[in-house]
Amino acid sequence: MTGVCPNQKIEAMVVDGSIHATPSILPEQVQPASLDLRLGTTAYRVRASFLAGEGRTVSDRLDEFEMHRIDLSQGAVLEKGCVYLVPLMESLALPADMSAVANAKSSTGRLDLLTRTITDGGTEFDRIPSGYTGPLFAEICPRSFSVLVRPGMRLNQIRFRQGQAVLSDDELTTLHKETRLVDGDAVIQDGLGFSVDLQLPGTDLVGYRAKPHTGVIDLDRIGEYDPGDYWEEVRTRDGCIILDPGAFYILVSREAVHIPPLFAAEMAPYLAMVGEFRVHYAGFFDPGFGHAEAGGEGSRGVLEVRCHEAPFVLEHGQVVGRLVYERMAEMPTQLYGAGIASNYQGQGLKLSKHFKTPT
């Protein structure tokens, strides 16, 4: 078997012990091509972000960097600008030929909640080597908003793969000819390029910018918060905006994206030198995203954008990222948006599910 593991394979891995959890995995954690990971009962406030490093455990490094411990059992606030480490409920005992990659969930990224997975012996964030056996930890750094969290909350997700499944540019071009992957011209170079839409039809509203001083967001409260209390509207009539250093923006792709059922995709930076900003926190696109039979008819990709050291002019149609497509090992028995709780199928410009729909 070569490719990204579908939901039925993930369920089999739970049964055979490749994935272990206390308490047991819940059915709603299993997505078409990934598994949601759950926060444990304790958060460690640490002095700085860190990796365990080869031959060392996360627990070893905690002895160096821990400042204090926080009991999450009754709910606790993770403060904006601080770094926390939370042991996850899930652990792994991967086969020798299976690796994994983790990423933030969509709603996590849209809150500018930097969440990365680390492991014992790890030398990279969000990358789990073949045959890894051991615990998983979430590093959490709220960037724009302080958040209230509880055990069992699912902020990040993990995708399992066997072998090399990434499509080459030639294979991606062929796939686009067979079943259109975007609604416009396909820009294919090291993946499928996508651009920013700053000329939305019928409106000059093109995005949102996080306000600097806001209240706490309880991650369990869905559709609860007034967007105006947390976000400033970004408007333009000339297809151009200036990104402010240190600011966080929610924008949307110009292309409507399609992920066919036998494929999965991951968002990646376009070029390190494309500009003074970073696009994406939540990078997984599941099989069926934007797929017509799953209710998609093409879905826009929401862009989480943070500007770095210098103000930067962002213009309509500028390529800002790329989607790297991979083959599934087999057809998933569930698709994104088809009979499961998929919050962003058929989306346009959209804040996270915690906010009321702007009127």
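How many bridges join strand 16 to strand 20, and in which sense do the two strands run? The close-ups below take up this question and a few others, and they all come from a predicted model.

**View 1. Strand 16 and its partner strands.**
Let us begin with the opening question: strand 16 and strand 20 (residues 248–257) run antiparallel, and two bridges join them. To find this spot, look for Arg-209, which stands opposite Tyr-249 in strand 20. Strand 16 also pairs with strand 18 (residues 231–235), again in the antiparallel sense, this time over five bridges. Strand 16 itself covers residues 205–210 and is mostly covered, with five of its six residues buried.

**View 2. The largest nonpolar core.**
Welcome to a set of 51 residues, in which Phe-160 and Trp-231 touch the most other members. Strand 7 (residues 83–93) gives the most to this core, contributing four residues. Apart from this core lies another one, made of 33 residues, and Leu-172, Leu-192, Leu-323 and Tyr-325 are among them.

**View 3. The surroundings of Phe-160.**
Which residues are in contact with Phe-160, once its neighbours within four places in sequence are left aside? Take your time here, as the list has several parts. It includes Gly-3, Val-4, Cys-5, Ile-10, Met-13 and Ile-19. Leu-35 is in contact with Phe-160 too, as are Leu-92, Leu-94 and Met-98. Ser-99 and Ala-100 complete the list.

**View 4. A cis peptide bond in a loop.**
Look between Thr-22 and Pro-23, and you will find that a cis peptide bond joins them, with omega at about -5 degrees. Pro-23 belongs to the loop that runs between strand 2 (19–21) and strand 3 (35–38).

**View 5. Asp-126, with a positive phi.**
Asp-126 is not a glycine, yet its phi is positive, at about 65 degrees. You can find Asp-126 in the loop between strand 9 (113–119) and strand 10 (127–128). Is Asp-126 buried or exposed? Its relative accessibility is 11%, so Asp-126 counts as buried, the cut-off for buried being under 20%.

**View 6. Asp-190, with a positive phi.**
Asp-190 has a positive phi of about 55 degrees, although this residue is not a glycine. The loop to look for lies between strand 14 (187–188) and strand 15 (192–195). Asp-190 counts as exposed because its relative accessibility is 51%, and exposed begins over 50%.

Notes: Residues numbered from 1 in each chain as written. Predicted model: local features only at pLDDT ≥ 70, side-chain atom pairs only at ≥ 80, totals over all residues. Heavy atoms only, no water. Buried < 20%, exposed > 50% of the residue type's maximum accessible area, 1.4 Å probe, protein only. Pairing = 2+ DSSP bridges. Core = buried A, V, L, I, M, F, W, Y, C linked by side-chain atoms within 4.5 Å. Contact = heavy atoms within 4.5 Å.
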